[in-house]
Amino acid sequence: MSLSTLTHIAATVLAGVLVWFYQDARLGLDLADERLKTSEFRHQATIERAAANARVAKASADVAANYQEVLNDAIAKQAALQADATRARRESYSLRKQLTDAEQRLADASAATLIEYASTTNQLLGECSSEYTALAEKADGHAADAATCRAAWPVFTIEGVKTWQSPATK
């Protein structure tokens with residue numbers, strides 16, 4: 001073999017090795033770029049997930065605080081209603097006792113006293129009737145308001161799945 005042939009073979013092998021290292025370096029660079037892009041994508045997804053979790057946690061805390069406030073108000077109102085009911089029962093018992101005493105006194109009463117008693121009773125029944133009518137009007141208004149609230153209660157959906165609504169409309 002001649003020196004020129006050996007030089008050509010060595011140059012060819014050297015060129016092949018250099019091309020091999022160049023391609024390897026280029027492939028490593030491309031791979032490093034893809035890894036960087038993947039890392040940046042994962043980092044961005046982590047940031048977005050953390051932001052979404054923070055929004056969900058805030059919404060959850062707001063709902064819990066609102067629920068607790070409404071629950072506390074309901075408990076206080078229930079206690080007031082219980083106290084009112086207890087007072088009404090005591091007054092009702094007192095009125096029954098007074099009516100029983102009045103019945104016993106009416107047995108011995110004069111005609112004028114009986115007429116006055118009947119007149120007072122009629123007046124009292126008229127006032128009670130007016131109060132019951134006013135109470136019925138308020139109750140009807142309240143029932144209409146409650147129906148409106150139930151009909152307008154928000155229904156939250158996530159991708160078409162119903163997730164929360166008023167217990168009254170379930």
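Author: Welcome! pLDDT is the predictor's confidence in each residue, from 0 to 100. This is a predicted model, in which local features need pLDDT of at least 70, side-chain atom pairs count only at pLDDT 80 or more, and totals for chains, interfaces and linings use all residues. Residues are numbered from 1 along each chain as its sequence is written, and side-chain values use heavy atoms, leaving out hydrogens and water.

Reader: Where in the protein is confidence lowest?

Author: Across the protein, the mean pLDDT is 85, and 89% of residues reach 70 or more. Helices (H or I, at least four residues) and strands (E, at least two) are DSSP runs, numbered from the N terminus. Helix 1 has the highest confidence, at a mean of 90, while the lowest, at 52, belongs to strand 2 (residues 161–164).

Reader: Which residue forms a salt bridge with Asp62?

Author: A salt bridge is a side-chain nitrogen of Lys or Arg within 4 Å of a carboxyl oxygen of Asp or Glu. With the closest N and O atoms 3.0 Å apart, the partner of Asp62 is Lys58.

Reader: Is Lys58 buried or exposed?

Author: Buried means under 20% relative accessible area, exposed over 50%, and partly exposed in between (1.4 Å probe, protein chains only). Asp62, at 42%, counts as partly exposed. Lys58 has a relative accessible area of 52%, so Lys58 is exposed.

Reader: How many salt bridges does the whole structure hold?

Author: Glu34 and Lys37 meet in one, at 3.9 Å from N to O. Asp84 and Arg87 meet in another, at 3.0 Å. A search of the whole structure gives a count of three.
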